[in-house]
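Please consult the sequence and structure alongside the text.

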Amino acid sequence: MRNPGEQSTFSLLLGATGKAYFPIAFIARFPYAMIVVGVLTLIVTMRHSLALGGLVSACVGLGTAAVGPLIGAAADRFGQRRVVLAAGIANGITLLLIAWAASAAPDAIVLAVALLIGATAPQVSPLSRSRLVGIISTRMPVGRRAGILNSTFSYESAADEVTFVFGPVLVGALATTVGPQAAVIGAALLEFVFVTAFALHPTSRLAAHETAVREREPVGALLRPPLLVLIIGSVGVGLFFGAMLTSLTAIMTVLGSADQSGLMYGAMGVGSAAFALGVALFPARFTLRARWLTFAAVLFIGAGLFALLSGSIGGILTALFLAGIGVGPTLVTLYSLAAVRSPAGRSATVMTMLGSGIVVGQAAASGIVGALASATSAHAAGYAPVIAALIVLAAALVNWPLSRPDRARA
């Protein structure tokens, strides 16, 4: 049950955004979560080549890494409406194009289209955060902004978790019941409807505060160590997502339960989403740098248990749930730190840099761990999430001295 103050917080935010905003923004982020796995599944199924599938996934990640932050920079400069609308339409078209190209086009054409898919991927999740930061910073009472921002980032990270966990599950369900092309076609249709609705929603104009009332700091401000360490952390989280899903699929195949991989992966999403929402209840004295270090350690322990207990279903479930407890609050903390550290007028750019880092990590891990499982064994691939979690933990340690106590509080 929510207390009256909490209800008032959500009422204030809904009053500024409108009731339709959050459902639209939630569904609009599913295509982004489906792209890497959807394209990988399509190519492996249609071309019967795991190697080509890995290359295609890598191209998606490369395109996102190269252009994703530029989409954020364009949104900072020209506003989100035109930028998101153009990216969503272009991405939907490229997804339809690869659905055709996968069956007969030369490999070079498939790789080129995959690069375009990554380059045009609409950055709904990070741009939603940037949009909400702008609304909270300009429309909410000054004394309430910190609490509203904390609750909002908790929700946004929980929504990310749901989509990043169940997006691949949706891809698998469509591929199994309809066909390998259904997932990318379905993602394209979601783009045409919901990403377009997200782009045209009135909140896209409210977020224009970045260009209207704040002078943008130079691009060099994005290369400061306190921001770079956040990007490394987001890449580590993406690596963990890709490594966990790929190694889990390989292990469940060995155990004779490949069809249950999606459900098992969902166990991680349950713990992750629940604890991401729970971040809003943490006391202010539990600083952001302490949260990152604490939950990165939990993530590392969960990944280690996954590698050690991968011989039993019960052990895998326990490890996945524990890892989820670590990854959800870690995501909330990364974006909260990004909001604090974003240079003036560069909020959308910073948020898209973190979002692109997750997709790049996921794409890279999917290809590398898939090849590792094929070349060695599923058990060896089970250690890949440990390496990814170690990267997140190492970034948290580097972040500690970079966070001044007064800026590290929620």
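## Polar and charged links

Between domain 1 and domain 2 there is one residue pair in polar contact, with both residues at pLDDT 80 or more; a polar contact is a pair of N or O atoms within 3.5 Å, one able to donate a hydrogen and the other to accept it, and residues adjacent in sequence count only if both atoms are side-chain atoms. The number of salt bridges between the two domains is zero, the criterion being a side-chain nitrogen of Lys or Arg within 4 Å of a carboxyl oxygen of Asp or Glu.

## Basis of the model

This is a predicted model, in which local features need pLDDT of at least 70 and side-chain atom pairs count only at pLDDT 80 or more, while totals for chains, interfaces and linings use all residues. Residues are numbered from 1 along each chain as its sequence is written, and side-chain values use heavy atoms, with hydrogens and water left out.

## Domains and buried area

Domain 1 spans 19–213 and domain 2 spans 220–409, with bounds from an automatic or database domain assignment. Their contact (heavy atoms within 4.5 Å) draws 38 residues from domain 1 and 40 residues from domain 2.

Together the domains bury about 3200 Å², 70% of it on carbon and sulfur atoms; buried area is the accessible area (1.4 Å probe) that two parts lose on being put together, summed over both. On the domain 1 side, Phe-153, Glu-161 and Phe-164 lose the most area to domain 2, together 18% of what that side buries.
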